[in-house]
Amino acid sequence: MPEYGDGDAISHEQRVAEMQARADVIRRDMGGASKVRAMAEEGDRTIRQHIDAFLDDGSFREIGTFSRSLRPEMRDITPGDGKIGGHGNVDGRPVAVFGDDITVLRGSSSIVGTRKETRLYDRALTMGIPVVHFGETGGGRIPDLMGSEGISEPGAMFEMSQRRHRIPMATMICGQSFGGSSFVSAMSDYVVMVRGSCLAVTSPKVFEIATGEVISFEDVGGVDVHARITGQIDLGVDTDEEGYEAIRRWLSYMPSNAWQPAPRAEPIGDDGPDPQLAKMVPARRTRGYDMRRVVARICDPGSVFEMQPNYARNVVCALARMDGYPVGVIANNPMFQAGTLDPQACHKVIRLATVCDSYNIPMIFLVDVPGFMVGKRVEHDLMLHWGIRMMHALQNASAPTLTVCLRKAFGMAWQAMNGSRMPSHGIYCWPGAEVGFMDPEVGVNVAFGSKLSRITDPDEREAERLKLVAEVAEATNPFEAAGTMRIDEMIDPADTRSVLISDIRMLANRPVPPPEQRPLSYWPSC
C-alpha cells in the first residue's frame, strides 16, 4: 500500500471517507455556496435540483463528480466543469441524464465538460437507455474554445448527430440556452421549454455586438416564438414540474431503445361500436370541427398526448394508445385553415413520423383534407419542398401505418396523408366521404368557369353550376376507389376504433425490421 507524507499508511476507510467528504463539498457548494444560495433566494433550481426532482427518488448515480477544467489556473473554481450528469430511473426504467451547471461559469461548454457529456451519451447508447438533457448553458467558454485546439474538440454534438435514433432523447430548456445546449435540443426527439427561458443559437447580446440589432431574449427565442412560430419545441410549460411530467409521460410511450418494442399499457376503453362518433363530424364538407375531440374518442381514454399543440394547428400530431399499444396519430384539423397541409404542417408530420418509424410505433392517419394550401406565402415558404418531403418520408417509413378517410380527401393531399398508393397497411373510408382531384365546388369553377360566364341569366347560370357540381361530386364517391381496390374497405364510422384495434393487434405480430433498416431513423428529427 502506498504511503503518504510522514510515512503513515492510509487505510481504505480513510481514503473512502476523504473521497466522500470531497464529493459532498462539490455536490453541496457546486460553483460556490453563495451562488447556490442566490439561486435559491431567486426561486431558481440548480442542475442538481432539476435532476433530483425529475428522477425517481434516490435513484441518481453521478458520473464525473471530480472532473474540472483542463486549464490549471481554473481547476479550483470549476467543479464538474459546468456539466453534471449520471444515471437514474424514471418510473423504474433506467435513463442517462445530464445538464448545465450555471454556478460554474454560466454552465459554459468547455473541453472536459463536453467530454463528460460525450461519455454519458456513449454509455447510454451502449446500455440501450434514453437520454434526458437539461439545457441552460451560456454558450462556449472563452478562452477554452478560442484556439484551434479548443474548437476542434466540440464534444458530444457530433456523436449525437450519428445516433440514428437508436435511443430516445429528450431535452428540457430550463433557462437561457445558447450554443451547446441549444444544439442538443435541436437533435432531440422531444423538447420541452419552460416559460421565461430562451432558446437560441447565440445570445441577443452577441446579436447587438455583431450586427447592431437590439432584440429581447423573449423575442429572439421565448416559449411563444418556438411553440407557435418556429416549431423548434414540442411543448411550452409554465413550471419546471410541468416540464418534468411532460418528459416522463413522453418516455412512457417510448421503448428504451430501438431494439425493444414500445411498452404496452393495460388496455382500457370499449372497443365495441361507437354510434356517437359520426355525429362529431359534420356532413357538410365546409363546416369546421375540432379533430382533437375525434382523436380522443377513437383512442384509449386519457391516452392522447399531443405534440406541438400550438404549432401548425391545421394538423393534430399526438402519441396515444389503442388497446394499450402506443401509436402515433396524424390527423387534419378542419378547425384551423380548414385542415389544409401547409409547409409547417408537413414539417410537423415529418417530425412525429421520424420518431414513430425509429421506434417502430404504428401511425394512424385520420384524413379530412381539402388539399395543400395555395398562395404566395406558402410557395415562398417552400410548399413544394415540404409537401414532397412529407410524402417521401411516409413512402420510406417502415413502421405500420393505418389510414381512415372520415369526410374528404382532395388532390395529392390524399396521398400525402398516407392514402391510396402509399404504404399503408390498411386504408379505410367512411361511406359519406369524398375522394377526388379537387373540391367539386372549386373544380367546377376552375374547369367550367368560362362556360358558366357565357350564361347571362343568373338563375340559369347557378342551376347549371349546381348541376355540374353534382356531376363532379358523384365521381368523388369513395365506392369507386373501393371498387378498384385503392381503398381496402368501406366501414361504418361506429366501427372505426374496433377496426383499428383489430389491425393493431395483428400488426403486433409482424416481423420488425432491425433499426438499421428503418429509413427514417437516419432522418433529422425536426
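In these legends a residue is called buried when its relative accessible area is under 20%, exposed when that area is over 50%, and partly exposed in between, as judged with a 1.4 Å probe and protein chains only. The structure is a predicted model, in which local features need pLDDT of at least 70 and side-chain atom pairs count only at pLDDT 80 or more, while totals for chains, interfaces and linings use all residues. Residues are numbered from 1 along each chain as its sequence is written, and side-chain values use heavy atoms, with hydrogens and water left out.

**View 1. A salt bridge joins Arg377 and Asp381.** Here a salt bridge is a side-chain nitrogen of Lys or Arg within 4 Å of a carboxyl oxygen of Asp or Glu, and for this pair the N to O distance is 3.3 Å. Arg377 is partly exposed, because its relative accessible area is 44%, and Asp381 is likewise partly exposed, with a value of 30%. A search of the whole structure finds 23 salt bridges.

**View 2. Arg297 forms a salt bridge with Asp274.** The closest N and O atoms of the two side chains are 2.8 Å apart. Arg297 lies in helix H12 (residues 291–298) and Asp274 in the loop between helix H11 (240–253) and H12, so the pair ties together parts that are 23 residues apart in sequence; helices (H or I, at least four residues) and strands (E, at least two) are DSSP runs, numbered from the N terminus. With a relative accessible area of 38%, Arg297 is partly exposed, whereas Asp274, at 16%, counts as buried.

**View 3. Asp300 and Arg497 meet in a salt bridge.** The distance from N to O is 3.0 Å. Because Asp300 is in the loop between H12 and S12 while Arg497 belongs to helix H21, this pair ties together parts that are 197 residues apart in sequence. Both Asp300 and Arg497 are buried.

**View 4. Trp250 is one of the residues that touch the most other members of the largest nonpolar core.** A nonpolar core is a set of buried Ala, Val, Leu, Ile, Met, Phe, Trp, Tyr and Cys residues joined through side-chain atoms within 4.5 Å, and the largest one has 76 residues. Helix H13 (residues 343–358) gives the most to this core, with 8 residues. Apart from it lies another core, of 29 residues, among them Ile298, Met322, Ala331 and Val499. When neighbours within four places in sequence are left aside, the residues in contact with Trp250 (heavy atoms within 4.5 Å) include Pro168, Met169, Tyr190 and Phe305.

**View 5. Ile504 lies in helix H21 (residues 496–507).** Ile504 is buried, with a relative accessible area of 3%. Leaving aside neighbours within four places in sequence, Ile504 is in contact with Met322, Tyr325, Val327, Ile364 and Leu402.

**View 6. Met30 has a positive phi of about 50° although it is not a glycine.** Met30 is found in the loop between H1 and helix H2 (33–41), and it counts as buried because its relative accessibility is 8%. Gln308 also has a positive phi, of about 45°, without being a glycine; Gln308 lies in the loop between strand S12 (305–307) and strand S13 (315–322).
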